[in-house]
Amino acid sequence: MSLGVVMLVHDALDRAGQLVRHWAGHGCPVVIHVDKRVKRRAYASFVNDLADLENVRFCSRHRCEWGTWSLVAASQTASELMLKSFPEVSHVFLASGSCLPLRPIQEMQDYLANRPRTNFIESVTTADVPWTVGGLDKERFTLQFPFSWKRHRTLFDIYVRLQQRLKIRRKVPEGLVPHLGSQWWCLTRQTLSDILNDPNREVYDAYFQKVWIPDESYYQTLVRQFSTNIESRSLTLSKFDYQGKPHIFYDDHLQLLRRSDCFVARKIWPQANKLYDSFLSDAGAIMSEAEPNPGKIDRIFSKAVERRTRGRPGLFMQSRYPRMGFENGLTGSTYAVFEGFTEVFEDFEGWLERAIGGRVHGHLFAPERVEFAGGQREFSGALTDSAALRDYDPRGFFTNLIWSTRGERQSFQFGPADNQEISWDMAKDPNAYIAVVSGAWAVPLYHSSQNFTDIRRQAARLQKIESDHLDILRSGYSRARIRIWTMAEFVQNPMEPLQLVVDEIGGRMSTRLTEAPKMVDLDGFGQFLQNLKNQGMQPYLMGNYPSDSDPAQTPRDARKPYLIK
């Protein structure tokens with residue numbers, strides 16, 4: 001049994017020559033097709049360098065281009081010469097000048113000798129292929145593609161749309177069921193001869209010349225005509241990214257390639273000296289007799305594709321700035337937002353830090369400055385307390401703060417007087433926990449000494465802002481965990497919502513709260529709200545706050561005593 005190698009070469013001729021010597025030196029005849037675009041002088045030098053190898057041949061050349069018939073024509077020409085020049089060859093393996101053998105050649109020959117009638121070629125119907133890129137699967141067989149997708153993209157697209165609009169359809173030759181698969185195959189001599197000597201070859205060739213990317217469908221379809229002994233897989237490890245472009249293997253992929261147990265891998269970077277030295281050295285060759293299993297490394301490639309397309313949650317950078325709504329999570333960690341609590345309680349930030357831990361900030365989006373915890377002027381992520389710098393990109397400021405402090409819970413205060421540009425981002429962020437006491441913004445106005453006309457004007461403005469903010473929090477697009485209490489219901493029993501907040505955030509305290517932070521003086525606050533009503537401003541966000549007394553002081557109806565017998 002003998003394995004023959006058909007090699008398609010178009011660049012990096014020095015590496016290709018090294019590979020040819022490796023194949024030929026281990027008893028594998030090699031027929032080389034060199035792209036006609038390679039200059040004559042370089043081609044002549046390449047032929048001369050390999051002239052000492054008796055089992056190496058060069059076939060006539062075609063000008064090759066991706067996605068066109070020229071690649072199939074090149075493999076046909078080289079295969080015909082292989083079958084003619086080396087009658088002892090029983091399997092023909094198609095490779096490129098960047099395909100690197102990963103295991104000893106003898107082991108591959110033994111593997112094929114134990115399967116003398118098996119064709120290794122990926123061949124699946126279009127309905128079963130999820131990886132076609134470009135929006136064309138079945139249409140690649142029913143439309144015509146006379147224009148190069150790479151060189152004449154505009155003409156390519158116009159001609160496709162024209163055929164679709166006119167409902168032009170080509171007829172698939174009778175008896176053929178189109179199949180797709182990797183262009184790198186290993187066929188038995190008998191099957192390859194049957195394909196090349198088929199009486200209907202002219203008909204098939206004429207049809208596939210107008211198919212898009214025919215090197216992924218020509219042999220994959222015709223092999224079904226002449227053999228039933230097919231393993232629909234390639235012996236060549238080739239990985240593609242989400243755009244359909246091949247992954248390139250570098251020196252740092254050495255252990256990954258060894259783990260795959262595959263016989264051959266493409267596409268190898270020409271300057272990957274470590275890979276070439278390791279795999280082309282007989283001293284390091286180990287006969288493993290393992291079944292090729294690219295699935296061992298599929299998980300790593302899947303994670304790499306996901307990282308490239310989606311990035312890491314909460315990480316925004318120049319090299320990968322996602323479209324709005326398509327980012328992989330706005331923030332990199334969970335955080336809590338408290339609205340109205342500092343207005344209702346004295347030293348709420350200190351109490352909250354003791355209750356739940358983490359870092360508790362003031363109003364990060366306050367109009368005058370960024371109120372970092374402890375009054376800091378600078379913070380993690382090279383952030384400063386400058387309101388002007390923050391407001392240049394509020395979303396960037398916010399995501400940077402959360403990303404830079406991963407592992408430490410961040411909590412901060414927010415209210416209608418703050419910059420509201422971050423409202424939608426917080427509402428749509430699953431990492432956010434937002435607790436709101438609506439209407440609490442009126443408490444500082446109550447304690448202020450301003451003219452009542454100015455107070456009324458500010459109250460109307462703040463209520464409008466908070467109302468819009470609450471509409472955002474209650475919208476169907478919100479993904480944050482949100483708790484909202486009106487001022488009236490909150491002050492009736494503040495311990496219950498505080499306990500709920502602590503429990504849901506997952507604080508460090510293992511027992512129930514025994515005391516709440518000290519509430520600010522609210523005596524006369526109800527009358528203040530009534531005065532706003534009297535002046536024509538309706539403070540509806542506070543809920544049904546009584547005007548005659550502090551609701552926290554309102555006595556409850558005494559229960560009637562009863563006797564248990």
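Arg161 sits in helix α6, which covers residues 153-166; helices here are DSSP runs of H or I with at least four residues, strands are runs of E with at least two, and both are numbered from the N terminus. With a relative accessibility of 49%, Arg161 is partly exposed. The cut-offs for that term are as follows: buried means under 20% relative accessible area, exposed means over 50%, and partly exposed lies in between, using a 1.4 Å probe and protein chains only. Arg312 is 151 residues away from Arg161 along the chain, and their C-alpha atoms are 38 Å apart.

Before I continue, please note that this is a predicted model, in which local features need pLDDT of at least 70 and side-chain atom pairs count only at pLDDT 80 or more, while totals for chains, interfaces and linings use all residues. Residues are numbered from 1 along each chain as its sequence is written, and side-chain values use heavy atoms, with hydrogens and water left out.

Let us turn to the chain as a whole. Its secondary structure comprises 22 helices and 19 strands. The radius of gyration is 36 Å, well over the 24 Å that the globule rule gives for 565 residues, so the chain is more spread out than a compact globule. That radius is taken over C-alpha atoms, and the rule is 2.2 Å times the number of residues to the power 0.38. Along its principal axes, the C-alpha trace spans about 105 × 65 × 60 Å. Of the 565 residues, 49% are buried.

What does the interior contain? The largest nonpolar core has 66 residues, and Phe338, Phe412 and Trp441 are among those with the most contacts inside it. Such a core is a set of buried Ala, Val, Leu, Ile, Met, Phe, Trp, Tyr and Cys residues joined through side-chain atoms within 4.5 Å. Beyond its neighbours within four places in sequence, Phe338 is in contact (heavy atoms within 4.5 Å) with residues including Phe348, Leu352, Phe412 and Val501. A second, separate core has 49 residues, including Ala16, Val38, Leu112 and Cys186. In soluble globular proteins, nonpolar side chains tend to be buried together.

Several helices deserve attention. In helix α7, residues 189-196, the buried residues are Thr191, Leu192, Ser193, Ile195 and Leu196. They pack against elements including α3 (70-85), β4 (91-96) and α9 (218-226).

Ser260 belongs to helix α10, residues 254-260. Its relative accessibility of 0% makes Ser260 buried. Leaving aside neighbours within four places in sequence, the contacts of Ser260 include Leu102, Leu237 and Pro292.

Leu445 is part of helix α18, residues 442-447, and is buried at 6% relative accessibility.

I close with the backbone. The peptide bond from Arg266 to Lys267 is cis, with omega near 20°, and Lys267 lies in the loop between β12 (264-265) and α11 (273-279). Ile213 is not a glycine, yet has a positive phi of about 50°. With a relative accessible area of 73%, Ala382 is exposed.
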